[in-house]
Amino acid sequence: MTLEEALLLPAGKILDAVVAWKVFGWPRSTVLEARAGIYDPMTFVQSPPEYSTEIAAAWQVVEKLRPPFWVSIDDLRKHSAGGYSCAIGLPENNASAWAEADTACLVICRAALKAVWRDLP
């Protein structure tokens, strides 16, 4: 799976598995099993938390990244646009990973993946 493919995923089990893999270091097999609709208790003890749909789980992503990353989340509903934006970056770097989505959970997941993604197996 590429970053581009991951960013197109809707909120749900597959995106949760990708976040568990890339942000929290779960085995890559977590993603493969989620894509196949298989959760084998022999492979891992539990399913990944619902990072993309539950705000308490999404906040675990923020806490995992801080520090060294800084995280900024904006509620765009206070403007005319709607939805949320999230930027995640490193203090010594002017660049940041940025995303927009309809929900705070989804925007946190997408920005986090952009911030940590490395094209490693």
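The legends below accompany several close-up views of one predicted protein model.

**Figure 1. Overview of the predicted model and its elements.** In this predicted model, local features need pLDDT of at least 70 and side-chain atom pairs count only at pLDDT 80 or more, whereas totals for chains, interfaces and linings use all residues. Residues are numbered from 1 along each chain as its sequence is written, and side-chain values use heavy atoms, with hydrogens and water left out. The protein holds five helices and three strands, where helices (H or I, at least four residues) and strands (E, at least two) are DSSP runs numbered from the N terminus. Read from the N terminus on, these elements follow the order α-α-α-α-β-β-β-α. Of the 121 residues, 45% count as buried; buried means under 20% relative accessible area, exposed means over 50%, and partly exposed lies in between, with a 1.4 Å probe and protein chains only. Among contacts with a separation of 6 or more, 43% come from residues 24 or more positions apart, a contact being heavy atoms within 4.5 Å.

Figure 2. Strands of a sheet pair through backbone hydrogen bonds, either parallel or antiparallel.

**Figure 3. Strand 2 (84–89) and its two partners**. Six bridges join strand 1 (70–75) to strand 2, and Val71 has Ile88 of strand 2 as its bridge partner. Six bridges also join strand 2 to strand 3 (96–101), where Tyr84 has Ala101 of strand 3 as its bridge partner and Gly89 stands opposite Ser96.

**Figure 4. Helix 5 (residues 104–116) and what covers it**. At 1.5 Å a residue, the 13 residues of helix 5 should span 18 Å, and its end C-alpha atoms are 18 Å apart, which agrees; the expected span is 1.5 Å times one less than the number of residues. Helix 5 is mostly covered, with 12 of its 13 residues buried, among them Ala104, Leu106, Ile108, Arg110 and Val116. The cover over these buried residues includes helix 1 (3–7), helix 2 (13–22) and helix 4, together with strand 1, strand 2 and strand 3.

**Figure 5. Helix 2 packed against helix 5**. The two helices pack at an angle of about 40°, with their axes 10 Å apart. That angle makes helix 2 oblique to helix 5, since angles under 35 degrees count as roughly parallel, over 145 as roughly antiparallel, 65 to 115 as roughly perpendicular and the rest as oblique. The contact is made by Leu15, Val18, Val19 and Lys22 of helix 2 and by Leu106, Cys109, Leu113 and Val116 of helix 5. Helix 2 is mostly covered, with eight of its 10 residues buried, including Asp16, Ala20 and Trp21, and its cover includes helix 1, helix 3 (29–36), helix 4 and helix 5.

**Figure 6. Val18 in helix 2**. At 0% relative accessibility, Val18 counts as buried. Not counting residues up to four places away in sequence, Val18 touches Met1, Ala6, Leu9, Val31, Leu113 and Trp117. The C-alpha atoms of Val18 and Pro48 are separated by 9.2 Å, although these residues are 30 residues apart along the chain.

**Figure 7. Gln60 in helix 4 (residues 55–65)**. Gln60 is partly exposed, with a relative accessible area of 38%. Leaving aside its neighbours within four places in sequence, Gln60 is in contact with Phe24, Pro49 and Tyr51. Gln60 and Phe24 are 36 residues apart in sequence, and their C-alpha atoms are 9.8 Å apart in space.

Conventions. Two strands pair if DSSP finds at least two bridges between them. Axes are lines fitted to C-alpha atoms, for helices over the stretch in contact, and angles run from 0 to 180 degrees between N-to-C directions.
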